[in-house]
Amino acid sequence: MLNELTLAQTIKDLKNKKISHKELYADINKAIEKDNKNLNIYLSLDEKALEKAEKLLNTPLAGVPIAVKDNFCTYNTLTTASSKVLENFKPQFESTVTKRLQNAGGVIIGKTNMDAWAHGSSTETSDFGRTLNPRNPEHLPGGSSGGSAAAIAADMTIGAIGSETAGSIRQPAAWCGVVGLKPTYGRVSRYGVASMASSTDSPGPITKTVEDAAIIFNAIAGHDPLDGTSSAQTPPDLTKYLGTSVKGLKIGVIYQDIKGVEFANEKLMEQLKVFEKLGATVEKADAMDPHHAIGVYTVVQRAEVSSNLARYSGVRYKNDRSFFGDEAKRRQMLGTYTLSKGYAEKYYELAQKVRTMFIEDLKRLFKEYDVLIAPTSPVLAKKIGATEGEAMFGELEDMLVEASSIAGLPGINIPYYHDKETNLFLGMDIIAPMWREDLLIQAADAFEKNTDWNTWRKKS
Amino acid sequence: MKWQDTYEAVIGLEVHAELKTKSKMFCGCKNDPFGAEKPNTYTCPVCLGMPGGLPVANKKAIEWTIRLGLATNCSINKFSKFDRKHYFYPDLAKGYQISQYDLPFCYEGFIETSQGRVELTRIHLEEDTGKLLHKTIDGEKVSLIDFNRGGVPLVEVVTEPDIKNGTQAKEYGKKLRQILRFLGIADCDMEQGGMRLEANISLRKKGETELPNYKVEVKNINSFRFLEAAIDFELDRQAEILEKGETPVQETRGWNSVKNKTFSQRTKEEAEDYRYFPDPDLPPLHFTDEYLEEIKKAVPKLPEEIAIEWSNKFSLDIEKSKELANVESEKVIVWLEEILNKLKEENLDPTLFINDYLNKKINISQEMNPSEVVKKFKELHQTENIDDSLLKEKIEKVFEENQDAVIKYKAGQKQVFGFLMGQVMKEIGKKVDPKLIRETIQKSLES
């Protein structure tokens with residue numbers, strides 16, 4: 001089935017006329033028709049996708065379908081951020097990421113489900129119903145970019161776009177057994193992405209392979225004058241780092257002594273031997289306790305959320321604040337509280353200070369190591385309904401990726417273990433210093449090519 | 001007894017002025033709210049607060065704010081940032097206004113007035129809000145929002161409570177407006193709301209140094225005359241309350257320009273909480289010394305400084321010089337200075353020119369080039385020769401036609417001389433040295 005092809009292979013086959021757009025989109029649509037209803041991955045689909053794709057053969061992305069998280073504004077197309085507040089919202093402008101994707105020849109095949117406003121790590125808080133994990137529908141896909149990760153896992157697209165504030169690309173990628181690249185904060189423009197926590201929001205690719213992630217990164221990264229926090233640096237061509245040697249690469253393995261992560265850590269240490277065989281050094285390293293990152297992230301993110309959602313007042317989007325779901329309401333209340341007079345010093349300002357401590361701690365580690373590795377999530381994908389009564393569900397799930405998120409560092413999730421009983425995956429998170437996505441690609445690609453965990457690589 | 005014998009006024013002003021940059025503060029939209037033909041023409045996802053609309057700061061507006069600070073003797077924060085100020089109002093698209101909280105661009109400056117120095121607490125930069133229009137459409141009362149003004153750069157200049165009365169407030173306000181206009185950064189059209197005034201007013205017993213335990217804020221004043229009247233009214237009103245042994249209510253009041261009264265708008269039970277925090281969409285700003293030096297170079301000399309220079313260079317009376325230099329654009333200063341230089345070159349009296357100019361005796365405009373102006377000035381004072389016999393002839397004619405006046409003069413009513421002089425000049429019909437005419441008439445009368 002052509003929908004099972006990787007992005008790199010699809011582009012190649014299309015350009016070589018080995019396959020046609022018609023055949024490709026037919027297989028994709030078949031997968032969508034078969035499972036979208038029960039898995040609840042796409043909120044909306046572009047019926048003219050094939051028509052658009054056929055005109056794009058001579059572009060870098062050759063008209064491949066890309067699934068996009070529903071918090072990216074797409075011109076005249078429903079953009080809801082999975083919230084009832086925006087259920088009728090059709091933006092009259094295009095986000096920079098989707099604009100660049102389309103300029104490179106990508107076709108936005110549909111908009112994917114997510115935790116409402118990206119508040120969560122389960123896709124259960126969507127106002128339009130939860131998404132199920134295609135690897136095992138009794139389990140959650142993770143979130144908040146759960147729809148995009150699930151679309152990849154279910155072969156309902158060739159490539160996908162998610163956005164991460166702290167874990168929202170890497171964690172669903174881990175739970176769905178796919179690749180998720182969170183670029184350095186400021187590397188990919190946030191323009192046109194409904195803001196969650198402005199100081200950490202980072203759009204990025206969710207894909208089948210590391211190579212696919214590099215290809216999409218190349219299409220979307222780079223300075224955007226419409227985003228004041230976007231970096232002026234020219235991004236590297238990540239495809240150049242595919243297949244390069246990791247000999248001499250110094251890897252620090254962090255979060256080895258954290259309670260509740262024993263199983264994931266044990267399997268991780270086994271797998272990291274692959275790197276040693278390839279000539280890299282692997283060493284346990286002590287990082288600042290990630291439990292503190294939960295506090296920092298929770299305070300900063302809720303504060304920014306309460307501010308960023310203030311605009312949805314009912315004046316413009318018809319549906320007023322009563323349309324917010326429970327999670328969004330909780331976050332706004334907590335954020336409002338932590339920014340209030342007399343509390344801002346106690347919470348917000350203190351959190352920013354501890355945030356700086358995390359940044360310094362990671363800088364210290366990067367003096368000794370080229371990359372740091374830890375499990376992305378402490379556990380395999382949890383069962384549906386796991387978020388009920390768990391107001392801090394996401395923060396606990398994302399604990400291991402929060403430090404790098406609040407520090408703005410790039411990270412990539414790749415699968416490193418498959419649980420046969422549940423058909424679920426564990427993913428590792430490789431993180432690098434600011435602007436060093438090249439190191440991530442180098443390490444992740446080496447691991448992927450020298451192991452069998454990637455289900456698409458195995459097939460080809 | 002007047003209250004002024006017992007109390008003294010404690011008044012601080014907050015002045016907002018829209019900067020006239022080409023584009024808005026945080027987006028590329030045209031900054032021309034008063035020129036827009038229709039509501040909501042100059043808008044985009046950013047100034048409408050759409051999802052994912054992100055602000056990018058307008059460099060020029062920042063430079064201009066610093067320029068204003070340097071022109072008003074302020075210190076500049078070399079590290080600064082923008083903060084979000086949260087409140088709900090339908091004309092505020094994002095639910096917060098991007099403003100500056102604890103690190104304004106400029107702080108601790110001053111502006112001199114004839115009643116003493118007014119210290120400036122701070123000058124910061126923020127974005128203006130949209131405008132609400134309340135209308136009845138098809139019999140239904142509706143509120144409409146126009147965002148042409150939303151996101152226009154707005155400077156806020158805050159003073160210490162140094163102002164003593166309405167007159168001083170008015171003088172301060174006018175000076176500030178002159179500086180804003182002179183720097184070429186704001187039009188300050190008060191009727192349209194391009195400059196808006198707020199006064200915090202209270203009274204304390206003479207000799208006390210503490211701030212009073214209440215203050216009354218008078219908002220939305222759109223002329224200096226109203227500012228003066230509102231302050232004076234408010235001081236009288238508060239004195240009356242204090243005299244009764246009561247404390248005026250801490251509140252916001254408006255000015256009714258028809259009744260010439262302030263009126264209560266809103267009482268503040270407790271301080272508002274705007275939940276300020278640094279805007280994460282806008283990276284903090286670091287200004288280098290070189291950068292600030294560049295801005296400093298662009299700050300022109302202000303009218304008062306120029307007046308002193310002129311007074312020395314052209315030997316002018318300082319008050320006359322100030323009066324001449326009291327203009328609102330640098331262009332006019334350059335024009336006037338060129339004229340003064342030309343007058344000096346030709347040994348003409350600059351004071352005479354200034355009097356003619358200020359009293360509008362000389363018909364010139366700023367479009368005229370300085371040489372032309374000097375020519376006109378010379379023409380104004382140029383006299384023509386007249387044949388002695390012709391002059392005498394004309395005088396005789398006037399005497400004959402005004403025999404009454406001649407008789408009166410000879411009887412000792414010397415004041416009719418002016419009348420006769422005027423008649424003669426009219427008869428001559430051209431400009432002749434008045435001294436010559438005067439002397440000739442006198443001789444004729446005495447003969």
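Reader: Which residue stands opposite B:L125 in β10(B)?
Author: B:L125 faces B:V155 there. The model is predicted, so local features need pLDDT of at least 70 and side-chain atom pairs count only at pLDDT 80 or more, while totals for chains, interfaces and linings use all residues. Residues are numbered from 1 along each chain as its sequence is written, and chains are lettered from A and ligands numbered from 1 in the order in which they are written.

Reader: In what sense do β7 and β10 of chain B pair, and over how many bridges?
Author: Strand β7 (residues 116-127) and strand β10 (residues 153-159) of chain B are antiparallel, with seven bridges. Strands are DSSP runs of E of at least two residues, and helices are runs of H or I of at least four, both numbered from the N terminus. Two strands pair if DSSP finds at least two bridges between them.

Reader: What is the strand order in the open sheet of nine strands?
Author: In chain B the order is β2-β6-β7-β10-β1-β11-β12-β13-β14, and the pairing is mixed. At the edges are β2 (75-76) and β14 (261-267) of chain B, each pairing on one side only.

Reader: And the open sheet of three strands, what order does that have?
Author: The order is β5-β4-β15 in chain B, with antiparallel pairing. Its edge strands are β5 (96-99) and β15 (277-278) of chain B. Strand β4 (residues 83-86) of chain B is joined to β15(B) by two bridges, and B:D83 has B:P278 as its bridge partner.

Reader: Turning to helices, at what angle do α2 and α3 of chain B pack?
Author: Helix α2 (residues 166-182) and helix α3 (residues 224-243) of chain B pack at about 155 degrees, with their axes 8 Å apart. α2(B) is therefore roughly antiparallel to α3(B), a term for angles over 145 degrees. Axes are lines fitted to C-alpha atoms over the stretch in contact, and angles run from 0 to 180 degrees between N-to-C directions.

Reader: Which residues make that contact?
Author: Among them are B:G166, B:T167 and B:A169 of α2(B), and B:F224, B:L227 and B:E228 of α3(B). Contact requires C-beta atoms, placed from the backbone, to lie within 7 Å.

Reader: How many residues of chain B are in contact with chain A?
Author: 24 residues of chain B contact 31 residues of chain A.

Reader: Into which domains is chain B divided?
Author: Chain B has domain 1 (3-286), domain 2 (301-381) and domain 3 (388-446), with bounds from an automatic or database domain assignment. The centres of domain 1 and domain 3 of chain B, taken over C-alpha atoms, are 63 Å apart.

Key: Two residues are in contact if their C-beta atoms, placed from the backbone, lie within 7 Å. Angles under 35 degrees count as roughly parallel, over 145 as roughly antiparallel, 65 to 115 as roughly perpendicular and the rest as oblique.
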